[in-house]
Amino acid sequence: MKRRDTVVLDLDGTLIDERGAVDRAFLSAGHVGHQLIGVDAAHLARTARITAQRLWWKARWIDPLSDAFGISAWDGLSEDFDRAVPALARLRAWLPSFREAAWQLTLERCGVGGDGGRAVAAAMNERYIQHRHQDVTLLPGAAELVEQLAYEERRVVVLTNGPGDGQRRKLAATRLLKYMYDPVISTEAGFAKPDPRAVASAVDRAGGQIETAVVIGDTYDRDILGALACDVPSIWITGQSSTRAHPHPRVIRVDSTQTVLSALRALESASGKEPSR
């Protein structure tokens, strides 16, 4: 049996319900708009989501940055990208105008404009940021997974794409940081998953070895390909809706975070049958 003593964990979608948090943040902002101007909250939320995403991608220079660092319009609406590498300086300077334009355009598309529209836009922006900063919900089994890994004296480190301030805030809210090494975050490191430097940096930060590491994540194109690029086995959390065939002999697919521990046990038990390097 080969013990996997260094565990590299993704954050969003693996430990934290990020998708649900984004949905709730937009809807909460929509409720503010409904209270102020009477427009349906769900309609405002849908319009804001579409508007922000289109505005984000309209800035063509954003595309390579989004890909290189794994960031999104949802991040741009709420985070300041503190401690980001110099390559993101232009993005940081652009964020205030992006947010203002996103919310004002949302209201214009819902028939609201002028000075009153600007005040409503500011209120919706404030509520969205507040909700994103406060709504951190662990996925079922996430706390138990991290606590058990720590109890077994494994080296646990989070490797995540996204804005450093936002990702650190989420981790602090989970109260699981005491079980982990300092996270590796794309906007602080200067590279993102699936760049092989990402997994290598996380393992190094935890003081571990690539040969005895494992990666756990929910995104194949980021988490799993990043692990495979370093020849590290991985546990892929697919959810119930995935239809992708078994992708690689060094990948174990599970339905949820709750079943990761049993998959890790199976991986270690079958270590002697792993493909040779």
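Predicted model: local features only at pLDDT ≥ 70, side-chain atom pairs only at ≥ 80, totals over all residues.
Let's begin with strand β1, residues 6-9. Are its faces buried or exposed? Both faces are covered. On one side sit T6 and V8, and on the other V7 and L9. All of these are buried.

Now the partners. β1 pairs with strand β2, residues 155-160. The sense is parallel, and there are four bridges. To find the pairing by eye, go to V7: V156 in β2 stands opposite.

β1 also pairs with strand β4, residues 213-217. Again the sense is parallel, over four bridges. Here, look at L9, which stands opposite I216 in β4.

On to the helices. Two packed helices are described by the angle between their axes and the distance between the axes. Our pair is helix α2, residues 41-58, and helix α5, residues 89-109. Their axes come within 9 Å. They cross at roughly 140 degrees. Antiparallel would need an angle over 145, so α2 and α5 count as oblique. The crossing is right-handed.

Which residues make the contact? From α2, we have L44, T47, A48, T51, A52, L55 and W56. From α5, the list includes L91, W94, L95, F98 and A101. Further along α5 come A102, W103, L105, T106, L107 and R109.

Technical notes: Residues numbered from 1 in each chain as written. Heavy atoms only, no water. Buried < 20%, exposed > 50% of the residue type's maximum accessible area, 1.4 Å probe, protein only. Helix = DSSP H or I, 4+ residues; strand = E, 2+ residues; numbered from the N terminus. Pairing = 2+ DSSP bridges. Axes fitted to C-alpha atoms, helices over the stretch in contact; angles between N-to-C directions. Parallel < 35°, antiparallel > 145°, perpendicular 65-115°, else oblique. Left-handed = near helix turned anticlockwise from the far one by under 90°. Contact = heavy atoms within 4.5 Å.
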